[in-house]
Amino acid sequence: MAATVLVTGGLGYVGSHCCVALAHAGYEPVVLDNLSNARESVLERLRELTGAAIELHRADVRDAGALDRALANRPIEAVAHFAGLKSVRESVERPLDYFDNNVNGTARLLEAMARHGVRRMLFSSSATVYGVPQRLPYTEDHPLEPVNPYGCGKLAIERMLERAAAANPDFHYAALRYFNPVGAHPSGRIGEDPRGVPENLLPYVAQVASGQRPTLRVFGKDYDTPDGTGVRDYLHVMDLAEAHVAALRFLEREHRSIAVNLGTGRGHSVLEVVKAFEAASGRPVPIEFAPRRAGDLPEYWADATLAAQELGWRAARGLEEMCRDAWRWQSQNPDGYV
Ligand code: WQD
């Protein structure tokens with residue numbers, strides 16, 4: 001009997017790729033998703049890719065009854081917690097929504113886990129918990145001073161996990177601090193499907209390459225970076241998904257908690273990403289320079305040493321593969337999931 005992992009937000013971008021990696025590693029993913037930012041058609045794709053009849057609970061993590069139903073009647077090895085709102089810009093406009101969905105939602109989930117004796121959590125944290133870089137690359141002991149409500153919520157959840165683990169020695173968690181997840185499963189059957197106008201770079205670039213949008217606005221070309229444009233640590237979503245399996249194995253093996261960066265350890269500028277995407281897609285990506293975007297940091301990237309030492313995980317896929325897989329998803333699914 002495969003060990004069951006409850007994947008909240010499992011129909012979303014990172015959650016769906018994690019379901020595939022968990023199934024590939026011999027776990028049985030069970031999805032809980034309120035479909036506020038995902039389509040149910042993702043489930044068919046997951047069943048196709050895993051060969052498993054993946055169960056879906058259409059519910060919000062703040063619904064205690066739904067959580068009890070999802071966690072009851074079977075031993076649950078761990079919860080992989082992706083469900084949450086994830087737009088930095090939106091979090092500035094709607095901070096209380098973000099704290100209710102993300103922080104309150106996680107508190108309800110932890111309570112349900114305690115009721116059902118579920119002892120392990122993989123938490124989708126973020127590099128935004130660090131705030132303005134005082135030194136780069138970010139190491140896990142960098143000061144934690146988030147500068148937007150999204151990052152403040154992620155840090156509040158990390159603090160909540162710390163206290164929950166201190167109160168219950170049987171409970172352990174991995175707070176996984178994502179850098180910039182991009183790309184798609186190599187099959188092209190699952191990928192990033194943002195609603196409306198993409199806020200993030202890669203899906204926007206992909207839509208320009210496919211002709212759905214005329215040009216990419218490059219937000220700022222006067223940063224103190226090699227080519228003046230913003231630098232980020234882009235991470236292939238399949239590397240990220242595999243890191244979750246490595247983190248679960250860590251919790252099973254070490255019986256202790258960890259907060260750890262998930263990045264490649266190197267940065268790429270906007271213009272480097274555009275060039276790589278043009279090469280991978282064979283399509284031009286016209287650009288126009290625009291003013292800096294409010295709230296953007298000039299550059300940041302991860303120190304990925306701790307993940308290698310503790311999880312035995314390193315990113316294996318480079319920018320070219322990230323762009324190639326993103327393009328395959330985009331070109332095979334021009335309208336995303338329908
Ligand atoms: C990357 C670079 C932009 C769009 C955010 C969240 C982070 C995580 C990932 C949730 C920057 C530039 C972008 C465009 C551009 N989300 N850009 N034109 O802001 O680094 O991170 O998304 O976990 O928490 O903060 O990602 O992809 O929006 O921007 O020039 O149309 O691309 O200025 O330099 P970001 P991004």
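Q: Why is Pro 226 called exposed?
A: The relative accessible area of Pro 226 is 83%, and exposed means over 50%, buried under 20% and partly exposed in between (1.4 Å probe, protein chains only), so Pro 226 counts as exposed. This is a predicted model, in which local features need pLDDT of at least 70, side-chain atom pairs count only at pLDDT 80 or more, and totals for chains, interfaces and linings use all residues. Residues are numbered from 1 along each chain as its sequence is written, and side-chain values use heavy atoms, with hydrogens and water left out.

Q: Where does Pro 226 lie?
A: Pro 226 is in the loop between strand 8 (216-219) and strand 9 (231-232); strands are DSSP runs of E with at least two residues, helices are runs of H or I with at least four, and both are numbered from the N terminus. From C-alpha to C-alpha, Pro 226 is 29 Å from Ser 125 in space, and the two are 101 residues apart in sequence.

Q: What makes Ala 243 count as buried?
A: The relative accessibility of Ala 243 is 0%, which falls under the limit for buried residues. Ala 243 belongs to helix 8 (residues 237-254). Not counting residues up to four places away in sequence, Ala 243 touches Leu 262, Leu 311 and Trp 313, where contact means heavy atoms within 4.5 Å. Gly 263 is 20 residues from Ala 243 in sequence and 9.9 Å from Ala 243 in space, C-alpha to C-alpha.

Q: How do you know whether Cys 18 is buried or exposed?
A: Cys 18 has a relative accessible area of 0%, so Cys 18 is buried. Cys 323 is also buried, with a relative accessible area of 0%.

Q: What makes helix 5 roughly parallel to helix 6?
A: The axes of helix 5 (residues 95-115) and helix 6 (residues 149-167) come within 9 Å and cross at roughly 20°. Angles under 35 degrees count as roughly parallel, over 145 as roughly antiparallel, 65 to 115 as roughly perpendicular and the rest as oblique, so helix 5 is roughly parallel to helix 6. Residues making the contact include Tyr 98, Phe 99 and Leu 110 of helix 5 and Tyr 150, Ile 157 and Met 160 of helix 6. The contact of helix 5 with helix 6 has 13 nonpolar, 3 polar and no charged residues; Ala, Val, Leu, Ile, Met, Phe, Trp, Tyr, Cys and Pro count as nonpolar, Asp, Glu, Lys and Arg as charged, and the others, Gly among them, as polar.

Terms used: Axes are lines fitted to C-alpha atoms, for helices over the stretch in contact, and angles run from 0 to 180 degrees between N-to-C directions.
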